[in-house]
Amino acid sequence: MPEFISVTFPNASTEINPIPNASIDPEYLVRYARNLDDYGYNYTLVPYDSSSYDPFTIGATILSVTKNIKVIVALRPNTLYPTVAAKALSTLDQLSSGRVVVHFIAGGSDAEQAKEGDFLNKDERYARLEDYIKILRRAWKSDESFDWNSKYYQFKQFSNRVRPTNGTIPVSVGGSSDEAYRIGGSLADIFGLWGEPLKETKDQIDHIYAEAAKAGRPDSDRPRIWVTFRPIIAETEDLAWAKAHKTLDALTTNRAKGQGKVPADAPPPQNAGSQRLLDIAARGEVQDRALWYPTVTATNARGASTALVGSPNTIVESLLDYIDLGADLISIRGYDNLNDAIDYGRFVLPKVRQSLQQRENGARN
């Protein structure tokens with residue numbers, strides 16, 4: 001059965017209704033997290049940005065006020081030495097009885113990396129990530145002291161007595177470059193993809209699986225596939241499309257006013273994932289059942305930006321297409337963060353699970 005991921009927001013500011021200079025709203029954060037827990041989401045991603053809040057602290061807050069949901073902590077290797085990260089993640093994992101996942105961001109923008117003193121090029125950032133994951137795995141596996149001596153990390157006789165609850169912590173890697181596929185395919189438990197058409201998504205999955213096979217991983221140990229969408233839903237198809245165009249107008253207006261995530265004069269993105277999304281957007285507005293790309297161009301493909309538009313049934317059928325393709329984890333977040341999360345929890349998650357259960361029951365009969 002696939003699992004569902006949301007994204008955590010620390011306040012009520014959104015891309016379509018931004019609140020200038022919004023800070024953490026503890027009551028909103030707790031309400032948001034508890035709604036995700038109550039509506040059956042399996043995970044929530046705590047994102048990372050050089051100018052934003054610490055994901056470990058936000059994650060600890062979420063875990064302290066929820067019962068079931070797991071927290072995916074986004075982590076850039078340049079921001080925390082791997083021996084420190086091994087202990088920090090294990091500490092959070094013990095406090096939450098095993099509800100922690102780590103999602104690694106190698107770094108898709110030279111300018112963004114430079115803001116925190118990281119001047120490695122893209123290939124070097126991926127090579128460093130490979131070392132980082134291997135160090136964490138070793139630190140979590142045994143408390144015996146070990147040395148490390150590579151281009152990126154050097155230490156002697158490190159031992160870790162802070163062990164993960166279940167022996168290890170799931171590691172997630174994302175990206176759309178050959179190096180991302182290689183490192184994620186060979187080392188990750190989860191591989192994250194942005195929403196692309198079914199054909200392109202299948203090609204990416206095949207590439208990831210091929211890298212896993214090269215690394216000697218059996219099919220049973222291949223990375224689980226995580227695909228991300230921004231659904232825009234309403235009671236009927238017509239209402240959903242009207243809502244979609246209203247959302248697009250707000251995104252475009254806010255960006256022109258300098259209130260969006262991306263300045264109006266932002267240069268083309270460096271990372272392969274965003275470049276792929278913009279290339280697909282140039283082919284047409286709608287792909288497959290309901291995959292809508294104007295939100296990609298309106299945001300310069302900043303992060304997850306591919307929408308799915310339609311009634312709940314259309315969204316459910318679209319998600320089932322990706323599950324049939326091999327997606328084990330589905331990330332869905334909207335543009336009206338809290339209300340959309342509740343709508344998905346009421347009208348999308350149960351129907352996807354019910355459809356899959358009916359299939360399973362039918363196969364047994």
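Student: Which element gives the largest share of the lining of the second largest pocket?
Tutor: The model is a predicted one. Helix H8 gives the largest share, four residues. The elements that give two or more residues to this lining are strand E9 (224-233) and helix H8 (237-256). The pocket has a volume of about 150 Å³.

Student: How do the residues of that lining divide into nonpolar, polar and charged?
Tutor: There are five nonpolar, two polar and four charged residues. Among the lining residues are Ile16, Pro231, Lys243, Lys246, Asp336 and Tyr335. The ring of Tyr335 also has the charged end of Arg230 over it, 4.0 Å from its centre.

Student: What makes that a charge over a ring?
Tutor: For Arg, CZ must be within 6 Å of the ring centre and within 35 degrees of the ring normal. Arg230 is placed over Tyr335 at 4.0 Å, and Arg222 lies over the face of Tyr209 at 3.6 Å from the ring centre.

Student: Why is the pair of Tyr132 and Tyr153 called edge-to-face?
Tutor: Ring centres must lie within 6.5 Å for a pair, and planes over 60 degrees apart count as edge-to-face. The centres of Tyr132 and Tyr153 are 5.9 Å apart and the planes stand at 70 degrees, so the pair is edge-to-face. Tyr132 lies in helix H5 and Tyr153 in the loop between strands E5 and E6, so the pair ties together parts that are 21 residues apart in sequence. Tyr132 and Tyr153 are both buried, and ring pairs link them into a cluster that includes Tyr81, Phe104 and Phe158.

Student: What makes the pair of Tyr181 and Phe191 tilted?
Tutor: Planes under 30 degrees apart would be stacked and those over 60 edge-to-face, the rest being tilted. The planes of Tyr181 and Phe191 are 35 degrees apart, with 6.0 Å centre to centre, and the pair is tilted. Tyr181 belongs to helix H6 and Phe191 to strand E8, 10 residues apart.

Student: How do you know whether Tyr181 is buried or exposed?
Tutor: Buried means under 20% relative accessible area. Tyr181 has 4%, so it is buried. Phe191, at 0%, therefore counts as buried.

Student: Why does Asn21 count as exposed?
Tutor: Exposed means over 50%. Asn21 has 81% relative accessibility, so it counts as exposed. Asn21 has a positive phi of about 55 degrees although it is not a glycine. Ser97, in the loop between helix H3 and strand E4, has a positive phi of about 60 degrees; at 58%, Ser97 is therefore exposed.

Terms used: Residues numbered from 1 in each chain as written. Predicted model: local features only at pLDDT ≥ 70, side-chain atom pairs only at ≥ 80, totals over all residues. Heavy atoms only, no water. 1 Å grid on protein atoms, 1.4 Å probe; cavity = no way out; pocket = protein on both sides within 12 Å on 5 of 7 lines; lining within 4 Å. Points joined across faces, edges and corners; volume = space filled by probe spheres on them. Nonpolar A, V, L, I, M, F, W, Y, C, P; charged D, E, K, R; others polar. Buried < 20%, exposed > 50% of the residue type's maximum accessible area, 1.4 Å probe, protein only.
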